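I wanted to go through this one from the inside out and write down what turned up. These are my notes, in the order I looked things up.

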Amino acid sequence: MTRRLLLGYLTVTVLVLILLEIPLAVFYAQRERERLIADVEHDASVIATLYEDDLERDRPLDPLPAAEYRARTDARIVVVDDTGISLVDTDQSVDRDFSTRPEIALALTGVQSSGTRSSETLATELLYVAVPVASGGTVHGALRVTLGTGDVDDRIERFWLALATIAAVVLLAVALIGWGVARSVTRPLRRLNAAASRFAHGDLTVREEPHDGPPELRDLSATMNTMARRLDDLLQAQRAFVADASHQLRTPLTALRLRLENLQSRLDGDASAELDAAIDETSRLATLVTDLLHLARTDEHPASGTADLARLTADRVDTWTAVAEAKGVTLQHDELDHPAPVHVITGAIEQILDNLFDNAVNASPSGTTITARITSTNGSYELTIADQGAGLSDDQKAHATRRFWRADTTRPGTGLGLAIVDALATASGGSVALADVPGGGLAVTVTLLAASGIPDAPPSRASAADVLNRSGESTRGGPPTGGDGGSSAR
């Protein structure tokens, strides 16, 4: 909008300059030429009166007045008798016949004439004025003055250049002043746009800024701030509810599971099998509650820092190797030989890795391989976890990061794993991409911004039992039933 306003100012200025300067330049050129013609006509009439008596009495003409005028103005003067034969010529010899020249012929009839013509010899425009030399109504001869218009043309050209310079200075001044005015006019709009962009990215904090601009924009800014405050209050209430509910549900779920396991030891047969299924459902519900709690925390925009992606990946690979081997899956890690510092929210990498490995292990058939690798790109690092499972279709990949979505509802899972990964990566300024693996399988790539400085110290390494508990395995050695966003549900 700033450029459009500036373009509008300049357009109006150019139109005004055109309407003012072009007529002024044309008027000045016309006036200078008319003034030159009038001056030469006056001089020609005065000189003609000097030769009038001599022509009337057929006396020899004195060339001195013509020569003096020639020396003063650089004009050529030709005086002819009534037959058109030259008697005075400041440039050439006399006794030449000028009766064929239109202006001389017209002057010999008693009519004064003037005009301009091009001179190829002098390579310039010539002004000519021819006046009759007469007395008592009788024409005794004619006088012609020819003068180059170079001086007048130079003055006109200098005037045009002065107008062009003035126009350039005016346009520059208008551009500078217009830019400042346009910036001041659009400043409230830029602030509104920045605020709307922050709101769109989830930052609903209201910043008190100076209120300027038209009343309509101030009202719009106040309305947007009110909307942001109300949305923030609603979201905070929602997050608090989810977090509190998830936290409060964990204790009774744990107590319920312990009671069911104690009761199971007293039962046999079909009743024990039914109770075992109930215990598995409590495990699944506990995993869902934990995932909901993690998901609620990712929406709170926690503090961020720097972490070593390579070191933490190696740590989690060591931890998840036991889980993978229990299912007959090989976990392969292409390690980096240098640190990979990335900018993330606190604890995000561990949760991202746990969810990705959980999905990959649950989706991988026995005898297959899961590959973890880190690559460096322009200003970022890419973490890729690739399995050799059933994979996802393009339509399924488009829905895989949605909360509670699962490709196969017949298999265990909460549908939150990839949703948590996506939320953590986005909150850290990164992104998540899903792609097919040649030969079958799914590759999940998490891109995180590279950071400068020393990575934060890693947390203490989790044990394999912690991971088994995270993935949903009961103390009775049941299969992993970890929450996922689509991978483990394949």
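Predicted model: local features only at pLDDT ≥ 70, side-chain atom pairs only at ≥ 80, totals over all residues.

Is D354 buried or exposed? I looked up its relative accessible area and got 12%, so D354 is buried. Next I wanted to know what its side chain meets. There is a polar contact of 2.8 Å between the side chains of D354 and R316. Skipping neighbours within four places in sequence, I get R316 and W320 as the residues in contact with D354.

**The nonpolar cores**

From there I moved on to the largest nonpolar core, which has 42 residues. Which members touch the most others? My list reads L309, I349, L356, F357, I385, L434 and V446. I then checked which elements give two or more residues to this core: helix 7 (309–326), helix 8 (348–363) and helix 10 (417–427) on the helical side, and strand 8 (341–345), strand 9 (369–377), strand 10 (380–386), strand 11 (431–436) and strand 12 (442–449) among the strands. Helix 8 gives the most, with eight residues.

Leaving out neighbours within four places in sequence, I noted L356, F357, A360, I370, T371, A372, L442, A443 and V444 as its contacts. Two of these, L356 and F357, were already on my list of members that touch the most others.

There is also a second, separate core, and I counted it at 25 residues. A44, I77, V79 and L127 are among them.

**A nonpolar patch outside**

Then I turned to the surface. Which residues form the nonpolar patch there? I have V14, I18, I22, V26 and W160, with about 410 Å² of accessible area together. Helix 1 (residues 2–56) supplies the largest share, four residues. I looked up V26 as one example: it lies in helix 1, and its relative accessible area of 45% makes V26 partly exposed.

Next I went through the backbone.

- D58 has a phi near 55 degrees. I placed D58 in the loop between helix 1 and helix 2 (64–73), and at 71% relative accessible area D58 is exposed.
- D74 has a phi near 65 degrees. Its place is the loop between helix 2 and strand 1 (76–81), and D74 also counts as exposed, at 55% relative accessibility.

**Salt bridges**

How many salt bridges are there? I get 13. I followed up a few of them.

D153 pairs with R33, with the closest N and O atoms 3.4 Å apart. D153 sits in helix 4 (residues 150–200) and R33 in helix 1, so this bridge ties together parts that are 120 residues apart in sequence.

R70 and D91 meet in a salt bridge at 3.3 Å, N to O. This pair also links distant parts of the chain, with R70 in helix 2 and D91 in the loop between strand 2 (86–89) and helix 3 (102–108), 21 residues apart. Both ends came out partly exposed again: R70 has a relative accessible area of 26%, and D91 has 39%.

R57 forms a salt bridge with D53, and I noted 3.9 Å between the closest N and O atoms. Here the two ends fall into separate classes: R57 is exposed at 51% relative accessibility, while D53 at 40% is partly exposed. The cut-off for exposed is over 50%, so R57 is counted as exposed at its 51%.

R31, E32, R35 and R155 are linked in it.

Key:
Residues numbered from 1 in each chain as written. Heavy atoms only, no water. Core = buried A, V, L, I, M, F, W, Y, C linked by side-chain atoms within 4.5 Å. Buried < 20%, exposed > 50% of the residue type's maximum accessible area, 1.4 Å probe, protein only. Contact = heavy atoms within 4.5 Å. Polar contact = N/O pair within 3.5 Å; in protein donor to acceptor, adjacent residues only side chain to side chain. Patch = residues over 30% accessible without salt bridge, like charges linked within 9 Å, V, L, I, M, F, W, Y side chains within 5 Å. Areas by Shrake-Rupley, 256 points an atom, 1.4 Å probe, with all protein chains shown as cover. Salt bridge = Lys/Arg side-chain N within 4 Å of Asp/Glu carboxyl O.
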